[in-house]
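Open the model in your viewer and show the side chains. The tour below goes from one selection to the next.

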Amino acid sequence: MARIKITTATLREMKARHERISALTAYDHLFAQLLDQASVDIVLVGDSVGTVMQGRETTVTVTMDQMVYHTELVSRGIERAFVVGDMPFLSYQVSIEDAMRNAGRLLKEGRAEAVKLEGGAVVAPTVARLVAAGIPVMGHIGLTPQSIHQFGSYKARGQDEGERRQIVDDARSLEQAGAFAVVVEKVPAELGAEITRSVQIPVIGIGAGPHCDGQILVTHDMLGLFSRFRPRFVRRYAELGRLIGSAVASYAQDVRDGTFPSADESY
Ligand code: KIV
């Protein structure tokens, strides 16, 4: 496959051509390189870093400094993919000025090419200001993990008519505000399809069924590295956690037995 840099224009064209978009998360340089070399289209430096890498219960405690740090590591590992940096909780909700300053940091210091933030119609004025300042914005609607304490659980959203209408309106508001794409998390597949038909921007689903313009998963989930919880929408493409466990146990045993290092591995 040609190594042509992915941009917001490429992603728009992919939707128009009904070409599906692949997206995964990364938090460090090594994984960024691995995903990029495997031709994933979008690499998201997600605030899921809080649960996956920091061992926190939720994403709520992730800070702006941490997101800038991880985004910079990832950006340096990418040649082809489009890099999106996640705006952590309270980095964009307090004021539009805050949002501008913090999104600017993800681009200037983290070298992201876009930012992602959670919410629909409520955050549309913020999205419009960021876009006007030249900062591409990806929305995130449906289950928005930063609002976990308000939702009370990670159950699927959009299961009643009122909430379904609200989520479709959220997608339209984000499109009107100038978002270049929107992530839709954990909603019924028919709602994922309806949202995808309702907007011209790419809709990237996570637990939103097969009809979205693209799919995103947390890399550590799909590789079997993170097992603390496993939503139904995660397909495991590898069991790297088990592989690492058995490799490390073999090494520790070899050290105990005195069979490592061998003469060949010594000087
Ligand atoms: O933080 C994250 O990894 C995300 C994806 C799950 C969409 O927001």
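Select Arg101 and Asp98: their side chains form a salt bridge, with the closest N and O atoms 3.9 Å apart. The model is predicted. Both residues lie in helix H5 (residues 96-108), three residues apart, which is about one turn of the helix. Colour the pair by accessibility. Arg101 is exposed because its relative accessible area is 56%, over the cut-off of 50%. Asp98, at 24%, is partly exposed.

The structure holds 16 salt bridges.

Now go to Lys15 and Asp213, whose side chains meet in a salt bridge of 2.8 Å, N to O. Lys15 is in helix H1 (residues 8-16), while Asp213 is in the loop between strand S7 (203-206) and strand S8 (214-217); the two are 198 residues apart. Are these two residues buried or exposed? Both Lys15 and Asp213 are buried.

Select Arg80 and Asp41 for another salt bridge, 3.0 Å from N to O. Arg80 sits in the loop between helix H4 (64-75) and strand S3 (82-86), and Asp41 in the loop between helix H2 (29-37) and strand S2 (42-45). Arg80 and Asp41 are buried.

Then colour by domain: the assignment gives domain 1 (8-236) and domain 2 (240-267). Their C-alpha centres lie 39 Å apart.

Finish with Asp254, Asp257, Asp264 and Glu265, which gather in a surface patch of negative charge. Asp254 is placed in helix H11 (residues 240-257) and is partly exposed, with a relative accessible area of 32%.

Definitions and conventions
Residues numbered from 1 in each chain as written. Predicted model: local features only at pLDDT ≥ 70, side-chain atom pairs only at ≥ 80, totals over all residues. Heavy atoms only, no water. Patch = residues over 30% accessible without salt bridge, like charges linked within 9 Å, V, L, I, M, F, W, Y side chains within 5 Å. Areas by Shrake-Rupley, 256 points an atom, 1.4 Å probe, with all protein chains shown as cover. Salt bridge = Lys/Arg side-chain N within 4 Å of Asp/Glu carboxyl O. Lys, Arg positive; Asp, Glu negative; His and termini not counted. Charge placed at Lys NZ, Arg CZ, Asp CG, Glu CD. Helix = DSSP H or I, 4+ residues; strand = E, 2+ residues; numbered from the N terminus. Buried < 20%, exposed > 50% of the residue type's maximum accessible area, 1.4 Å probe, protein only. Domains from an automatic or database assignment.
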